[in-house]
Amino acid sequence: GVEARIATYNIHRCRGMDGRTRPDRIASVLRRIDADVVALQEVVGAGPRGGGHAEAIGAALGMGWVMTPARLLRGHQFGNAEVAVELGEVAVTSDSR
């Protein structure tokens, strides 16, 4: 089987401490984590003003993504998303770092 590094990250709508919404900063953090699969929470998805954060983050990392909306937020999907590289079969192990 293939080993995979899995992470989870609450991105808080990609809004930083400075109040700016910057999916590219989230992508930069995830690039340093170097996970194969990342489960994201509080993700703004597609809506009337265009694509969402999962799409932008996935594109920046060269990873596939899937959005799982829980509700609408100002007309946009809002919920969880996963970004991942293509892995094939995966053996799941735990690393409590």
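Which strands does α1 lie across, and at about what angle does α1 run to β2? Here are some notes to get you started.

1. **Ground rules.** What you have is a predicted model, where local features need pLDDT of at least 70, side-chain atom pairs count only at pLDDT 80 or more, and totals for chains, interfaces and linings use all residues. Residues are numbered from 1 along each chain as its sequence is written, and side-chain values use heavy atoms, with hydrogens and water left out.

2. **The overall layout.** The chain has 2 helices and 6 strands (helices are DSSP runs of H or I with at least four residues, strands are runs of E with at least two, and both are numbered from the N terminus). Reading from the N terminus, you pass through β-β-α-β-α-β-β-β. The chain is 97 residues, and 28% of them count as buried (buried is under 20% relative accessible area, exposed is over 50%, and partly exposed is in between, with a 1.4 Å probe and protein chains only). Among contacts with a separation of 6 or more, 65% come from residues 24 or more positions apart (a contact is heavy atoms within 4.5 Å).

3. **The sheet.** Look for an open sheet of 4 strands in the order β2-β3-β5-β4, with mixed pairing (two strands pair if DSSP finds at least two bridges between them). β2 and β4 (64-73) are the edge strands, each with a single partner, so one side of each has no neighbour in the sheet. From one strand to the next, the twist averages 15 degrees (axes are lines fitted to C-alpha atoms, for helices over the stretch in contact, and angles run from 0 to 180 degrees between N-to-C directions).

4. **Pairings to check.** β2 and β3 run parallel and are joined by 5 bridges. Along this pair, Tyr9 sits opposite Leu40 in β3, and Asn10 sits opposite Gln41 in β3. To get from β2 to β3 the chain goes through α1, and this β-α-β crossover is right-handed (with the strands pointing away from the viewer, the path from the first strand over the helix to the second runs clockwise). On the other pairing of β3, 6 bridges join β3 to β5 (residues 76-84), and these two run antiparallel. There, Val43 has Gly79 in β5 as its bridge partner.

5. **Helix α1.** Back to the opening question: α1 lies across β2 and β3, at about 155 degrees to β2. In α1 (residues 23-33), the buried residues are Pro23, Ile26, Ala27 and Leu30. Seen down the axis of α1, these fall within an arc of 100 degrees, so they line one face of the helix (the arc is taken from the directions from the helix axis to the C-beta atoms). Their cover includes β2 (6-10), β3 (37-44) and α2 (53-61). After α1 comes Asp34, with a positive phi near 60 degrees.

6. **Helix α2 and His53.** α2 lies across β3, β4 and β5, running at about 145 degrees to β3. Is His53 buried or exposed? With a relative accessible area of 12%, His53 is buried. Leaving aside neighbours within four places in sequence, His53 is in contact with Arg13, Cys14, Thr21, Pro23, Val43 and Val44.

7. **The core.** The largest nonpolar core has 17 residues (such a core is a set of buried Ala, Val, Leu, Ile, Met, Phe, Trp, Tyr and Cys residues joined through side-chain atoms within 4.5 Å). Ile11, Leu30, Leu40, Val43 and Ile57 have the most contacts inside this core. At least two residues of the core come from each of α1, β3, α2 and β5. If you centre the view on Leu40, you'll find that Leu40 touches Tyr9, Ile11, Leu30, Ile57, Gly79, Asn80, Ala81 and Val83, not counting residues up to four places away in sequence.

8. Arg13, in the loop between β2 and α1, has a positive phi near 60 degrees although the residue is not a glycine. At 29% relative accessibility, Arg13 is partly exposed. Glu42 is in strand β3, and its phi is also positive, near 55 degrees, in a residue other than glycine. Glu42 is partly exposed, with a relative accessible area of 27%.
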